[in-house]
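Please look through the sequence and the model below.

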Amino acid sequence: MGTSDHGKGFLLTFLGVMVLTPDTLLIRLVGLDQWSVVFWRGLLMGSTLMVTLALIYRQRLFGAIRETGRYGLMISASYTLSSMGFVLSVSHTSVANTLVIVATSPMFAALLSIVLLKEKINLATWVAIGLSFIGILVVVGDSFGSGDYAGNLFALMTAVSMAFGFTMIRRKPNTDMVPSLAVAGLAAAAITFPLTGAFDYSQDQMQWIAVMGVVVLPISFGLLTIGPRFIPAPEVSLLMLLETTLGPLWVWLVIGEEPSRNALIGGGIVVGTLVIHSLRRLMRARKRKNALA
């Protein structure tokens with residue numbers, strides 16, 4: 001993998017995560033039950049991506065879907081499981097438990113990359129994973145530990161599914177796996193449709209549903225599906241932690257729900273760690289590029 005490829009993958013992933021940061025705020029503004037949120041997220045994201053892919057591939061759309069092969073099916077399953085697992089987790093345990101357990105995704109991504117891809121994970125990445133996890137623990141430290149074991153298991157399923165999906169994208173870096181994301185969204189919508197409540201929404205709710213499902217999710221997860229083709233899965237999972245730490249800031253700015261002191265301190269640890277780690281990786285890539293010039 002070239003140094004320019006790493007920079008491209010980092011930029012795509014970073015942009016994807018930043019577009020995703022208002023997701024928590026949008027869920028709050030929508031104000032629907034969890035299953036209805038998952039249904040609309042999956043339906044609109046999947047439909048938007050399918051329409052976009054149809055415009056890009058035209059008559060080759062179904063060929064592009066078939067080209068993803070068995071790895072595409074595994075990626076679709078992992079995306080579906082992670083979205084379902086997150087909802088089930090927050091339904092059965094505390095949000096604190098869910099966030100801490102999901103924050104182990106970079107560790108699982110590193111382990112899966114070693115086992116399945118035979119990639120070597122450098123010490124700096126392991127240190128960044130550890131420090132980021134400590135930061136998440138600080139954020140939710142006061143409320144961690146309460147909750148149902150089933151919810152904890154669902155959160156673990158989410159973390160492993162996310163890590164597995166990013167790793168499988170790395171398995172076939174030359175194949176467009178965005179069709180797998182579209183299939184995953186539609187699958188999640190089909191599964192949760194029987195569990196949704198009445199379709200009696202206000203104009204404001206429909207507006208925020210549209211922003212979330214037609215703009216934020218397709219763009220963010222589309223970029224997050226392309227990014228792992230160029231950078232290791234653990235780095236993608238690490239950058240995803242930015243959404244966990246920056247998301248509450250949107251809620252604070254728009255709704256006025258002020259984050260706790262621990263949230264600010266822990267978020268600072270996570271953001272600072274990721275900034276240092278990313279800058280270090282980019283500087284090393286630039287040095288290698290200059291050495292080869």
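Is Val127 buried, partly exposed or exposed? Val127 is partly exposed, because its relative accessible area is 43%; buried means under 20% relative accessible area, exposed over 50%, and partly exposed in between, with a 1.4 Å probe and protein chains only. This is a predicted model, in which local features need pLDDT of at least 70 and side-chain atom pairs count only at pLDDT 80 or more, while totals for chains, interfaces and linings use all residues. Residues are numbered from 1 along each chain as its sequence is written, and side-chain values use heavy atoms, with hydrogens and water left out.

Val127 is found in helix 8; helices are DSSP runs (H or I) of at least four residues, numbered from the N terminus. A nonpolar patch on the surface includes Val127, Trp126, Met107 and Ile265, and its members together have about 970 Å² of accessible area. Such a patch is made of residues with over 30% relative accessible area and no salt bridge, their nonpolar side chains (Val, Leu, Ile, Met, Phe, Trp, Tyr) being joined within 5 Å. A salt bridge is a side-chain nitrogen of Lys or Arg within 4 Å of a carboxyl oxygen of Asp or Glu. Helix 7 (105–117), helix 8 (123–140) and helix 13 (261–292) each give two or more residues to the patch.

Leaving aside neighbours within four places in sequence, Ile209 is in contact (heavy atoms within 4.5 Å) with Val30, Leu32, Trp40, Leu44, Tyr201 and Val214.

Trp40 also belongs to an aromatic cluster with Phe39, Phe193, Phe199 and Tyr201. Rings of Phe, Tyr and Trp (its six-membered ring) pair if their centres lie within 6.5 Å; planes under 30 degrees apart count as stacked, over 60 as edge-to-face and the rest as tilted. The whole structure has 9 aromatic pairs. In one of them, the ring centres of Trp40 and Phe199 are 5.6 Å apart and the planes stand at 55°, so the pair is tilted. Trp40 lies in helix 3 and Phe199 in the loop between helix 10 (178–192) and helix 11 (203–226), so the pair ties together parts 159 residues apart in sequence. Phe199 and Tyr201 form a stacked pair, 6.0 Å centre to centre with 25° between the planes.

Conventions
Patch = residues over 30% accessible without salt bridge, like charges linked within 9 Å, V, L, I, M, F, W, Y side chains within 5 Å. Areas by Shrake-Rupley, 256 points an atom, 1.4 Å probe, with all protein chains shown as cover.
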